[in-house]
Structure formats: C-alpha cells, structure tokens
Amino acid sequence: MSEKAARKVRRGVVVSDKMDKTVVVKVENLKLHSRYHKFVKQSKKFKAHDEANECRIGDTVEISETRPLSKDKCWMVKRIIERSAEVISE
C-alpha cells in the first residue's frame, strides 16, 4: 500500500492581499553561509489561496502545500497565527 507524503507547512507574513482569494506570503529562513559560517537571512514569496479573504497585510499565517490551483498558486492558508496590529483605513 502506498502512503501519501506529508504536506509541507510554512510560516510567514502576508505582504500582499490585493488579489481576490489569493495572498502573497513571505517566508524567511536562516541559512549558514558555507565559507563565512555566519547565518544569512533568505526569503521566498509564495502565493496562497485564501478562500474567505480573511488575511490582511502584516498577518502571520501558516500555509500548507496543496494541489496546483493556478499557474503559480499551489499553497493554501491553513490558519492565521497572529493578526497585524496595524489597521490601515481607506
């Protein structure tokens, strides 16, 4: 019997919520530099599906891998860990 691989889970900060049902999440990692042996901050942006349009800029969210939903969207917002303290009025 074949077992499914565990889905990847990442934690990051929402940097854009301009699209409908989609947010851009920036995930930062610390990587040890091979020569200088110092930690270097690396970041990558993922587009994630947000069905209810709940996420706002600055929110800390947890995203999990899912099937491809569009050309470059294959992550889904699992839960909102922390709300942004800053409220932007329009």
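This report covers the fold, dimensions, surface and aromatic contacts of a predicted model.

## Secondary structure

The protein chain contains five strands and zero helices. Read from the N terminus, its elements follow the order β-β-β-β-β.

## Dimensions and contacts

The radius of gyration of the protein chain is 15 Å, whereas a compact globule of 90 residues would have one near 12 Å. The C-alpha trace spans about 50 × 45 × 25 Å along its principal axes.

Among contacts with a separation of 6 or more, 49% are between residues 24 or more positions apart. Of the 90 residues in the protein chain, 27% are buried.

## Surface and charge

The side chains include 22 positive and 14 negative ones. The centres of these two sets lie 8 Å apart.

## Aromatic pair

One aromatic pair is found when the whole structure is searched. The pair is formed by F46 and W75, with 4.9 Å centre to centre and 55° between the planes, and is tilted. F46 belongs to strand β3 (residues 39–49) and W75 to strand β5 (residues 73–82), so the pair ties together parts that are 29 residues apart in sequence.

Both partners fall below the cut-off for burial, which is under 20% relative accessible area. F46 counts as buried at 13% relative accessibility, and W75 counts as buried at 7%.

Conventions
Residues are numbered from 1 along each chain as its sequence is written. This is a predicted model: local features need pLDDT of at least 70, side-chain atom pairs count only at pLDDT 80 or more; totals for chains, interfaces and linings use all residues. Side-chain values use heavy atoms; hydrogens and water are left out. Rings of Phe, Tyr and Trp (its six-membered ring) pair if their centres lie within 6.5 Å; planes under 30 degrees apart count as stacked, over 60 as edge-to-face and the rest as tilted. Helices (H or I, at least four residues) and strands (E, at least two) are DSSP runs, numbered from the N terminus. Buried means under 20% relative accessible area, exposed over 50%, partly exposed in between (1.4 Å probe, protein chains only). The radius of gyration is taken over C-alpha atoms; the globule rule is 2.2 Å times the number of residues to the power 0.38. Contact means heavy atoms within 4.5 Å. Lys and Arg count as positive and Asp and Glu as negative; His and the chain ends are not counted. The place of a charge is taken as NZ of Lys, CZ of Arg, CG of Asp or CD of Glu.
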